[in-house]
Amino acid sequence: MTGVDALLLALGAVAVGAGALVVTTRHLVRAGLYLVVCLGALAGLFLVLTAELVAWVQVLIYVGAVVVLLLFAVMLTRAPIGASDDLDRPGWPAALIGGGAGLGLAALLVDAFRWTRVDLPEPGTAERLGEQVFGSWVLPFEVLSVLLLAALVGAIVLSRPDIGSPATDRPAPTAGGRR
């Protein structure tokens, strides 16, 4: 076993452990922080596999944007941050379904490839990836950005009780613009 193999196993163990903590913790903010650790370990795996661009995109988009958006949504909607008894459900049905799906996918993978060696295409470059993203995939990319913007505006509207309510329900401003 080489050092690269040991590093891949260690980062994989960190990612799987943090992923398990994400779905088993009862604290929503801690789940978000465990998600940061899991996604950071995945970025480390990409770095070890010499996919530097994918690793930094993982850090910027997932760790930087998605987790911040999750924590921002928790704070904005005033969701309960601590442990919640509402979320204390038995975990065996989910474990059974997840384990069955994992075994089914593993059996499908083994059946599809029968342990044969697959020739890989030539490695991609940032230039080729940019041509694909901004050439063929520009419309879905823009639709996704508009969808995320709409979700953010919707979260702000839902969190503010004074937006969208009739004028009769709002308290009248007093002198000096203060309520």
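**Figure 1. Overview of the chain.** Buried residues (under 20% relative accessible area, 1.4 Å probe, protein chains only) make up 12% of the 179 residues in the chain. This is a predicted model: local features need pLDDT of at least 70, side-chain atom pairs count only at pLDDT 80 or more, and totals for chains, interfaces and linings use all residues. Residues are numbered from 1 along each chain as its sequence is written, and side-chain values use heavy atoms, with hydrogens and water left out. The secondary structure comes to six helices and zero strands. Both kinds of element are DSSP runs, numbered from the N terminus: helices are H or I with at least four residues, strands are E with at least two. The order from the N terminus is α-α-α-α-α-α. The chain exposes about 13800 Å², by the Shrake-Rupley method with a 1.4 Å probe; for residues, only the protein chains shown count as cover. Carbon and sulfur atoms supply 72% of that area. Contact means heavy atoms within 4.5 Å. Of the contacts with a separation of 6 or more, 57% join residues 24 or more positions apart.

**Figure 2. The largest pocket.** About 610 Å³ of space lies in this pocket. Of its 19 lining residues, V57, I61, Y62, F141 and L144 are the closest to the centre. Two or more lining residues come from each of α3 (52-76), α5 (126-136) and α6 (138-159). Helix α3 gives the largest share, nine residues. The lining divides into 16 nonpolar, three polar and no charged residues. Here Ala, Val, Leu, Ile, Met, Phe, Trp, Tyr, Cys and Pro count as nonpolar, Asp, Glu, Lys and Arg as charged, and the others, Gly among them, as polar. Pockets are found on a 1 Å grid over the protein atoms alone, with a 1.4 Å probe. A pocket is an open set of points with protein on both sides within 12 Å along at least five of seven lines. Lining residues have an atom within 4 Å of a point. Grid points are joined across faces, edges and corners, and a volume is the space filled by probe spheres set on the points.

**Figure 3. The second largest pocket.** This pocket has a volume of about 270 Å³. Its lining consists of T50, A51, E52, L53, V54, P123, G124, T125, A126, R128 and L129. Helices α3 and α5 are the elements that give two or more residues to it. By class, the lining holds six nonpolar, three polar and two charged residues.

**Figure 4. R128 in the lining of the second largest pocket.** R128 is one of the residues lining this pocket and sits in helix α5. Leaving aside neighbours within four places in sequence, R128 is in contact with E122 and P123. P123 is also among the lining residues.

Figure 5. T50 is found in the loop between α2 (28-48) and α3. The residue has a positive phi of about 60° although it is not a glycine. Most residues other than glycine have a negative phi. T50 is exposed (over 50%), at a relative accessible area of 58%. T50 also belongs to the lining of the second largest pocket.

**Figure 6. Q58, a buried glutamine in α3.** Q58 has its place in helix α3. The residue is buried, with a relative accessible area of 8%. Its side chain reaches the backbone oxygen of L39 at 3.5 Å. Not counting residues up to four places away in sequence, Q58 touches L39, L42, A43, F46 and V63.

**Figure 7. V29 and V74.** V29 lies in helix α2. V29 is partly exposed, with a relative accessible area of 26%. The C-alpha atoms of V29 and V74 are separated by 8.0 Å. Along the chain, these two residues are 45 residues apart.

How values were computed:
Polar contact = N/O pair within 3.5 Å; in protein donor to acceptor, adjacent residues only side chain to side chain.
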